[in-house]
Amino acid sequence: MLAVLAATFPFFALIALGYLAARRGLMPLEAIPGLNVFVLYFALPCMLFRFAAGTPLAQLLDARVALVWGVAALAMVALATAAARRAGHPWNDAAFGALVAAFPNTGFMGVPLLAALLGPAVAGPVIVTIAFDMVLTSSLCIALSRLDTHEGGAAAQAVRRALGGIVRNPMPWSMVLGALASALQWRLPAPVDRTVGMLADAASPAALFTIGAVLARSALRAREGGAQPPWRAALRDLLPVVGFKLLVHPLLVLGLVTALAAAGTGLSPLAGVALVLTAALPSASNVSMLAERYGADTGRVARIILWTTVGAFLSFPLAVALLR
């Protein structure tokens, strides 16, 4: 367990440093969008391209990985949405609460962390989960969020808007280009390859630091807005979603992986472990930006992301220790 903590501690420490830097004013909040641009449009796409280009195409197109992850994602959305609706949340808040319960922080945190723990061969199944969540899980939750409106075609319009955002996002394109490079056994010219490598190497620390800064900004904005609910009510609201993300999600994926193995069509051991650990990651930090865009309770979503990140400091190393 100590060896696992030693491997995972630097990743959470970088998040904590970003949080403290923004919270203490060492990093101006106005600088965070620029840091986000560097990570989203330069560093992470280069890292994903490099991982995809170095992964055999069969691993990037593994239907069993997509099946396990897709069933688990749909089940998580259904469970979290039903729980939120029973608690009295409108469809908009229930849908984004479900998205934050089902969408792990795979791009910013999962790829570098899992590659460090399990080796670069883990990239294939992890990239499949990113593609599924960016396109299908997000679109489903955005469509559900529009059920409160009475405008005809609001859900379909929201999904089209979400898909348009995906098309403009460089991360999916970097994975597609990496898959093509893998299929064609094509390598970048040496100077370009070195440039891509430098940006890819910067992705992990920059992304983790950015997560912390974004969480601090969300906490500061929520406090300034004065919309914080009483702590007991907040605890009752947040704990179920945090439990869904850090406990139910990985256990559900583990059950599906085990069921496939029992049926004789199991995944490779590495892919199975990778999927369970991906599900054990904290919530994706970009969900708060989506919630803000669609008028959901951004403060609630930000608090869930914060507490899943804090909780994962202990729960994720425990999951690693149990699976290794």
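Student: Is Cys-141 buried or exposed?

Tutor: Cys-141 is buried, at 0% relative accessibility. Buried means under 20% relative accessible area, exposed means over 50%, and partly exposed is in between (1.4 Å probe, protein chains only). This is a predicted model, where local features need pLDDT of at least 70, side-chain atom pairs count only at pLDDT 80 or more, and totals for chains, interfaces and linings use all residues. Residues are numbered from 1 along each chain as its sequence is written, and side-chain values use heavy atoms, with hydrogens and water left out.

Student: And Cys-46, buried or exposed?

Tutor: Cys-46 counts as buried, at 13% relative accessibility.

Student: OK, switching to charges. How many salt bridges?

Tutor: Three. The rule asks for a side-chain nitrogen of Lys or Arg within 4 Å of a carboxyl oxygen of Asp or Glu.

Student: Which residue does Asp-201 pair with?

Tutor: Arg-50, at 2.8 Å from N to O. Helices here are DSSP runs (H or I, at least four residues), numbered from the N terminus.

Student: Why can side chains like that pair at all?

Tutor: Side chains of opposite charge can pair when their charged atoms come close.

Student: Back to that pair. Is Asp-201 buried or exposed?

Tutor: Exposed, with a relative accessible area of 52%. Arg-50 is partly exposed, at 40%.

Student: What does Arg-64 bridge to?

Tutor: Asp-62, with 3.3 Å from N to O. Arg-64 is partly exposed, at 35% relative accessibility. Asp-62 is buried, with a relative accessible area of 17%.

Student: What about Asp-193, which partner does it have?

Tutor: Arg-187. Their closest N and O atoms are 3.6 Å apart. Asp-193 is partly exposed, at 31% relative accessibility, while Arg-187 is exposed, at 64%.

Student: New topic. Where is Asn-36?

Tutor: In helix α2, which covers residues 32-53.

Student: Buried or exposed?

Tutor: Asn-36 is buried, with a relative accessible area of 8%.

Student: What is Asn-36 in contact with?

Tutor: Phe-108, Thr-210, Val-214 and Arg-217, leaving aside neighbours within four places in sequence. Contact means heavy atoms within 4.5 Å.

Key:
Helix = DSSP H or I, 4+ residues; strand = E, 2+ residues; numbered from the N terminus.
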